[in-house]
Structures are given as C-alpha cells and as structure tokens.
Amino acid sequence: MSALQPDMARHIEDNFDEYTYDMFMYNMSPDPEEVELFSKWLEVGTTRRLNSFAPVRLCSRDTSATILRADGRELEVLSFSGYNYLGYARHPAVIASARAALERYGLGAASSPIISGNCGAHAELARALVDFFKLPSHGVSLFSSGYAVNLGTIQAFAKPGSQLILDDRVHMSLLDGARLANTKIAYFEHGNMRSLERQLDKHCDGHTRVLVCVESLYSGDGDFGPLAEVVALAKRYDAYTLVDEAHATLVAGASGRGVCEQQGVLGEVDFYVMTFSKAFGGVGGALLAKRSMCQYIDWYAKCRAFSCALDPAVAGGLRRVVELAGSDDGDRRRARLHANVAYLREALREDFDLGLSTSWILTVLYGEERNTVQLNSYLQEQGLDVSPLQFPAVAKGEARLRLFVTSEHTREQLDTAAAILRDAGRRFGFISTGR
Amino acid sequence: MTRIDPLARPIGWSFDFEMVFLFEIAVDEARRHLPAPLMPIELRPGVGVLGIGVQSLCAGNLGELPEVREIYCTIAVQPQLSVPMPTPRFAVVPVIIAATAPSFLARARELDRLNAMPWTPTLDIELDRAGLRARAADDRGPIFELWNVHEQPSFVDAEMWGQEFVGVDDDPLYFQAWHWRARKAEYQRRGGGRLHPHPFFAGIDLDAVSPDPYMQFITPPQTDGTLTLFAPIPLANIQPRRRVQR
C-alpha cells in the first residue's frame, strides 16, 4: 500500500479529535487511501492510549468483563455495552443444551439449509418459536445472522417494480436490504404517521407491491415505534408491513413477544423479524410470518439459501432460551429488567439529557462528537463500558452514550455506573446539575 | 508525471457570516448535474445531499472588492483522497453561484471556474444576522429562505478542509482545495428552509428535493472567518495511477 503523505499523517496527529468515522467512508480515487488514513487515525488513538473501541474481551461475565485495549492495558469494566438483556447467554441450562447439540451435530452445519444443513436442532428451534408466539398459522425461517434476515426477506419479497417505504432511521440491514432488492425506495420521517401516509398515498396505486419497513425499538434513540398506527395505515392502503423486533423480542410485551404484542398487532404484521444476538444471547435470526411465506423465503432469500445454515449448537441453546423465556423464568427476568431500567433512569434523569429513550436502551447525550474518543476512553479507565454513538449514525451534535440495561445488573452496579457517569459528565461538561 | 501541488497559490477571503443548509435530493436527480466521474454521496440508498448557502464576504477582499453577498447551490460528492492535502470534511460540486457584485462573479467564473448566474442589480440577499435568517430573491421571484431552528445554537471555533470540483462551459473538470476557519454551530434538525422554483437552481427539479433541510451549519451573527481557496488544477493532473502493493 502506498505510504501516507507526511502532511496528511501530521494533520491526523495534530487534529485527531476533529476526525470522525464518516471522513473515511468515501473516496473516488482508484487507490484506497481511505484505508491508510483510517489506519493512521487508529494508530494515533492507540499511541495516545485513547483507542478504546472494540477491545478484546479476555473474560466475559454477564455484567462485567476484563478487556484488553489496543494499547495493551487490561481493564476491569462494568458492562453496559452488550445486548444480553435477560442473561441467557450464560444460563447454565442454555449452555448445557448448546453443548448437547454440539456433541450431537458437530461444530457447524457445513451446508446450506436448502441442501443438507437443516438438522433436528433447527426443526426443534423453529417449533419452539412457533409455540412461543402462539401463531399456529405461522412458520419460521432461520438465518445464520440477524442482519441477513432483513437482507434476505426484503430481497426475496420485494421484486423489481415494488415500492419500499422505510422509516428514515431504520437499521443499516434494512437499508442494505432495500438497496439489494433493486426496487423503488421512499422514506418517511421517523415515527411521523402523516409523513408515512403521504408516502402511502403517493405510491399505493393498486398495481404496485408496497412494503413498509419499521423497527419496534430503535437502538439509536431507545424509542419505540408506533406499530399499531403503522399497521393500521398500511392495511388501509393494502401495503405489507415488516417490523424488526431485534431489540425487543423476549423483552417487550406481557409474554416477551415484542412490541407487536405490547401494541396489539402481533398477528397482523406480515413480517416479524427477530435476531438471536440480543435477548436470546446467541447469534443468528429468524423471520416469523405465514407458513407459506416462510417456505418461500427459505428458498428465495439468497443470503439464506446460498449461505451456511445457523450453527446447530447455537440452535440447540436457543431452543432452551425460548422455553425459559416463555416460562416463569422469563417473566421474572423481564420484571427485573424493567425494574433496573426504571431505577437507573430515575438515578440519571436529573443530571443528564436522556433524549427520547423510554426503553432498556438508555441514552445519555453528551453532544459534541469531538469528545467521543476521550470520553469513551475515560469511562473505560473508570470501569464503565458503554456504547457511544455519534454522527453519522445519529444527528450531528447529538452524540450519546448508550447503556443497554439487563436483568442481571445489580443495584450496586447501577449505582456505580451512575456515579461514573456523573464524574464523566462533570469532566466533559455534559452534566445538567452541579452534583 | 510532474507532481502538482494542490495547495499552491492560496487566496484568502474574509467573511463575517455564513449559513449552509443541507437538503435531501434524489440521487438520480443529483447525478444529472454531476460531470463524470463524480458520484454523489448517499445518506441512505437513493438519497443525496444538496447544499444551499449564503455568505457575506467583507469589503476589501483582494484589495479592491466591495462587500459581497454570495449564494450558492452545491451537491455533495465523493472526495478525491489521493490528493496530498489534509483529509477533507466533504467534497462538493458547486452547481451555481450568484452574487451582488459583478466583478466578483466575473472573477469567480474566470479564475475559480464556477458557474455563475448572470449578475443582476435586482438580486437581493437579505441577512437577518441577529435572527440567523437569510433570504434571496430577484425580480424573477424568491429564490430561497433559510432560518435557524435550534433554540440555543452553540458556536465553537472550527476549521475544515474541503474539496470542490469545478469547470465552466467545455472545461475539463478541475479540482480545487479549500480551507475554512470561523466559529460555527452545526446541528441536524428538520426545518428552517424553503426553496422556490427559480432559474438560480439551474434546472434542478425541486420536486426531487426535500421540502425542508435536515442539517444546518451557521456562524454567529458576526464572525471573523477566513476561506482560503487554492488555485484550481485539472483533475486529470492529480489522478496518478500509482503502483500499490496489495
């Protein structure tokens, strides 16, 4: 690779805090200079002991971890950066079930699910999910990644000439699915039903297949989508609906069936997307839809049909998760989670701007993107691991820390997190009060 | 090939106020106004970025120019990172500019190779600095209005590097680097702008542009700003094919 020009390298060193992730995304040059620039930026951060991103987890517990930073330091941190909302990732019964499937089926499926990759663990998981959701007319399509569920479903269902209408804050997987499908794409303003109706009115002509894509819980702001209104509007215009419940399945709703259950539209959504990497504690994802639709998606979602099947050991563990989540155990964990969220929100709300969050994804706004690197590094050094989010993932000037609260955090840990945040808030100037 | 210095021959401009608002534009429409090989930035699939701005240039620039108010319309494109300069914050194609001084426009066209709307004495660029509002119109009608929508914009010292791709008439494409320094507030809120069908928009289909901006970039009512423009260089001269070790 060609060496970085000295002036460009020096500018990164001298103006490190002014650089943001988006500045390395594009380049019209035939040579990939953006790769060298990004590498230099990381190198400067590491040299200054500020590279706190994607640290290696040497040892992971439910709510804490030992992390190895790029600069070689090992730190003990409280973990609020993972999505193991109900603690199932390390549940002994889940591990045992995964181990049994590992022994029975081996390390991986070693084949596409439409060839020979489909095994008993997959069938059992699919049955468990159908039973959990109590929708006997529905089936399940399993995917080896949550991202792929959106990619594959949209690509298979939305044909050339179809119309997609997406909330303008949906996840990258939905945007990529839209791009992959090679259809017409329109957006409505986040959560704005008048904006959605304008798009439906414009594009639903009776001859065009229209799919509305939204999320149930938006991980950038921690806010819930107005699913009942979205579904009602879509039905009025004969449009289909896809709801991505990645951050809400097993957690939201009286029985953990998601925000769709909470808002009374569970059986009315055409495509219910869940991922297994959050409250399920594993990896992969699934589509819940009418049985015939799932059969179709199984065969026509290219990233499913032409990719390896979900790992059988993971499927074995996930089946046990579904059983537990649908039992008293799940009810107790959900209750603990909601109590923890309420407790931490109350502890923080007078000191910080918590943005639009009303969920277990708590957002603490610190505003200035240029503070991100220093702030995240400082928080880790103080023993707190959170998930910062800044432009272009969220609006400019509204950078935030995200805390993913789980059922397994103790009150002591929540108090410690709040204290560390107050300290950081005073140091970096984003605390509201003089505390 | 002789190495070309893209930061040669800088010319500094003093300005005391600027507002730039970003609108979403359909990528297909943006592409219509971009010369090859330029590609628009996409915020999301199918959505590009149209910038509408107004700048108040101080009297005395180049030793002789009067105070000038300038408006401009740009489309955001991919930068050219092989150019030996600090990483640009963004790159644009200035689709068109207009200004209150004919001498400024003549120079902009001749030396900076910018497409300029012919000067008219009826061009009225009104600035409400305290209210952080701007309005442009001429005898053919209103062009645009821009206004701050943030309750408490927070201004910080800032400097940025940027790139422009320019050319007039049958010019080949030119590359121009710039450096900007002033106090500014930057935030992302819907609202605060309105565009009107007007020859200024040089054939841009405003139906393909969002009705209001999504991002705002403003200086305080009075700032001590510097915009340094470097001499345009033929793009072909700074796109060396280098051997890279893969």
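A salt bridge is a side-chain nitrogen of Lys or Arg within 4 Å of a carboxyl oxygen of Asp or Glu. In this predicted model, the side chains of Asp168(A) and Arg190(B) meet that description, with 3.2 Å between N and O. Between chain B and chain A the count of such bridges is four, and the two chains bury about 3200 Å² between them.

**The interface of chain B and chain A**

- The contact draws 38 residues from chain B and 30 residues from chain A, and of the area buried between the two chains, 53% lies on carbon and sulfur atoms.
- On the side of chain B, the residues that lose the most area to chain A are Pro45(B), Leu81(B) and Thr87(B), which together account for 22% of what that side buries.
- Across this interface, eight residue pairs are found in polar contact, with both residues of each pair at pLDDT 80 or more.
- Strands β8 (156-166) and β9 (174-187) of chain B each supply at least two residues of the side that touches chain A, and the largest share of that side, four residues, comes from β8(B).

**A nonpolar surface patch on chain A**

- Tyr21(A), Met25(A), Phe38(A) and Leu42(A) form a nonpolar patch on the surface, and together they have about 370 Å² of accessible area.
- One of these residues, Leu42(A), has its place in helix α2 of chain A, which covers residues 33-47.
- Leu42(A) counts as partly exposed because its relative accessibility is 33%, a value between the limits of 20% for buried and 50% for exposed.

**Helix α14 of chain A**

- Helix α14, residues 372-382 of chain A, is mostly covered, since eight of its 11 residues are buried.
- The buried residues of α14(A) include Thr372(A) and Val373(A), the run from Leu375(A) through Asn376(A), Ser377(A), Tyr378(A) and Leu379(A), and also Gln380(A).
- Following α14(A) comes Gly383(A), whose phi is positive, near 105°.

**Pro66(B) and its surroundings**

- Pro66(B) is found in the loop of chain B that lies between β2 (47-57) and β3 (68-77), and it counts as partly exposed because its relative accessibility is 42%.
- When residues up to four places away in sequence are not counted, Pro66(B) touches Cys58(B), Ala59(B), Ala101(B) and Ser103(B).

Definitions and conventions
Residues are numbered from 1 along each chain as its sequence is written. Chains are lettered from A and ligands numbered from 1 in the order in which they are written. This is a predicted model: local features need pLDDT of at least 70, side-chain atom pairs count only at pLDDT 80 or more; totals for chains, interfaces and linings use all residues. Side-chain values use heavy atoms; hydrogens and water are left out. Patches are made of residues with over 30% relative accessible area and no salt bridge: like charges are joined within 9 Å, nonpolar side chains (Val, Leu, Ile, Met, Phe, Trp, Tyr) within 5 Å. Accessible areas come from the Shrake-Rupley method with a 1.4 Å probe; for residues, only the protein chains shown count as cover. Buried means under 20% relative accessible area, exposed over 50%, partly exposed in between (1.4 Å probe, protein chains only). Contact means heavy atoms within 4.5 Å. Buried area is the accessible area (1.4 Å probe) that two parts lose on being put together, summed over both. A polar contact is a pair of N or O atoms within 3.5 Å; within protein, one must be able to donate a hydrogen and the other to accept it, and residues adjacent in sequence count only if both atoms are side-chain atoms.
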